[in-house]
Amino acid sequence: MPSAAPTEERPQSTAGTTATIAVLLVAAFVVILNETVLNVALPHIMADMAVSAATVQWVTTSFMLTMAVVIPTTGFLLQRFGTRTVFALAMGSFSLGTLLAALTPSFGVLILARVVQAFGSAIMLPLLMTTILMLVPRQRRGVVMGNVSIVISVAPALGPTLSGVILAHFPWRTIFWFVLPISLLALVIGLVRLKDVSERGTLTLDLVSVALSVVGFGSLVQGLSAVGAAGSETGGHTSWLSSTAGGITVLVLGVVLVALFVWRQLVLQRRDEPFLDMRTFRHRDFTVSVAVLALGMMTLFGGVIVLPLYLQTGRGLDTLETGLILLPGGLVMGLLGPVVGRLFDAWGPRPLSVPGAALLALVMFGFSRLQADTPVWWIVTLQIAMSVGLALIFTPAFTAGLNPLPPHLYSHGSATLSTLQQVAGGAGTALLVGVLQAGTVVSRRADGSTVTDSIPGVHAAFVTATVIAAAVMVLTCFMRRGEPTELSRTGDDTAA
């Protein structure tokens, strides 16, 4: 495949580059904010639409499943169509879904709206990262990727707090009316300001890859979600094992189909027509960074599930109080992003990521010592420290992983990273919540009533997270700046 010119050789317009990336950052912030903004509203939706807790979970599950299905396709979309076209597709779909949700007359229409929203959301982050790779020279990517971490960390942290404030005064549909004008404004500005930054390819759509991707990644994430959801239910050890049987079956199906998807891509690579190019893994720095990010996401996603469960079941706090406790950490992670990016450009990844992983492991161990009467200020301190550690890991890993790729693999590398984030998040949630429930002690009083003590389960879950963080620390020792190899500079990926 003829390669595009390396990024550094392309004429750069600083003002145009800044405007393009700023538009994409705002758009990505809006769509990622939307992922968590409904979590607090689920009880309100249950009451308003007369649905059960098991049914209302499809508001989030349908969104997550659609993300898992669509993200692997973004490598193809970004190479087949121009930047402006893909952006219009993403933000147009997201805005349409948001409007449909705001006007929804029934629960079924709400689910459809969330699917349409998720389609647009799935495209935005790979589009943002690919555009940064195309426009920003390698020596400045750290600081720009640091701005991406603001989007990734602050938006999810603000979601529950923002929705809690809105729901205190307005109906739940107001959440979508709040998001809609911002998304429409981003869409209009993007259509006016964005230019195509890459040449359109001539890839053909492989329907076998599409089918394997849709069913495989969908089953994988749904299986992980089902196992995690079953683990969060109350009940003893036996009932938890029994309730996860269906989730494990779907999970195994997903693993098999994803393996077939990978095999299909290897076959298509011989004709230089892969749907999602696996040759990104021939670059050592990309592979190491993917492993660091996957394990880091397992720790992050599992932690942000287990910690709220501890606060609400072990401490009796409500959702708004829980959101306020978790908010400072997300803000700190976002504010540190650009600073860490500048330090990466100056020092490289290891001076940042190794201490960050060590701090993360210490924090997970600190969480494993939580008790029912642990002071809230200490929980907030640990949560902020966790965010600092993750900030020191994620920005270097993103940048070092994508740096060595040749231009024709930018979109595939971004899509692969985003896909594995979704899968790793689901795996971390299923694992840690499962350990939490398995360690929860259920005892019976003399009067026949039961008492549930979740603290031992919390301890077990965070000990598991400590082990994962220790593995991250080992992997960060092998990270490098991600300088282009001779393979990357020439764009010839035929050699292993």
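At what angle do the axes of helix α15 (residues 350–367) and α16 cross, and within what distance do they come?

## Packing of α15 against α16

In this predicted model, the two axes come within 8 Å and cross at roughly 150 degrees. Because angles over 145 degrees count as roughly antiparallel, α15 is roughly antiparallel to α16. The crossing of α15 past α16 is left-handed.

On the α15 side, the residues that meet α16 include Leu352, Ala357, Leu360, Met364 and Phe367. Their counterparts in α16 include Ile379, Gln383, Met386, Leu390 and Pro396. The residues of this contact comprise 16 nonpolar, five polar and no charged.

## Nonpolar cores

The largest nonpolar core holds 115 residues, among which Phe87, Met91, Met124, Leu307, Met364 and Phe367 touch the most other members. Helix α16 (residues 376–402) gives the most to this core, contributing 13 residues. A second, separate core has 21 residues, including Val40, Val51, Ala113 and Trp172.

Leucine 307 is in contact with Leu326, Phe367, Leu370, Ile379, Gln383 and Phe462, when neighbours within four places in sequence are left aside. Of these partners, Phe367 belongs to α15, whereas Ile379 and Gln383 belong to α16.

Phenylalanine 478 lies in the loop between α18 (455–476) and α19 (486–490). This residue is partly exposed, with a relative accessible area of 47%.

Not counting residues up to four places away in sequence, phenylalanine 478 touches Arg284 and Val288. Phenylalanine 478 and arginine 350 are 128 residues apart in sequence, while their C-alpha atoms are 7.9 Å apart in space.

Notes. Residues numbered from 1 in each chain as written. Predicted model: local features only at pLDDT ≥ 70, side-chain atom pairs only at ≥ 80, totals over all residues. Heavy atoms only, no water. Helix = DSSP H or I, 4+ residues; strand = E, 2+ residues; numbered from the N terminus. Buried < 20%, exposed > 50% of the residue type's maximum accessible area, 1.4 Å probe, protein only. Contact = heavy atoms within 4.5 Å. Core = buried A, V, L, I, M, F, W, Y, C linked by side-chain atoms within 4.5 Å. Axes fitted to C-alpha atoms, helices over the stretch in contact; angles between N-to-C directions. Parallel < 35°, antiparallel > 145°, perpendicular 65-115°, else oblique. Left-handed = near helix turned anticlockwise from the far one by under 90°. Nonpolar A, V, L, I, M, F, W, Y, C, P; charged D, E, K, R; others polar.
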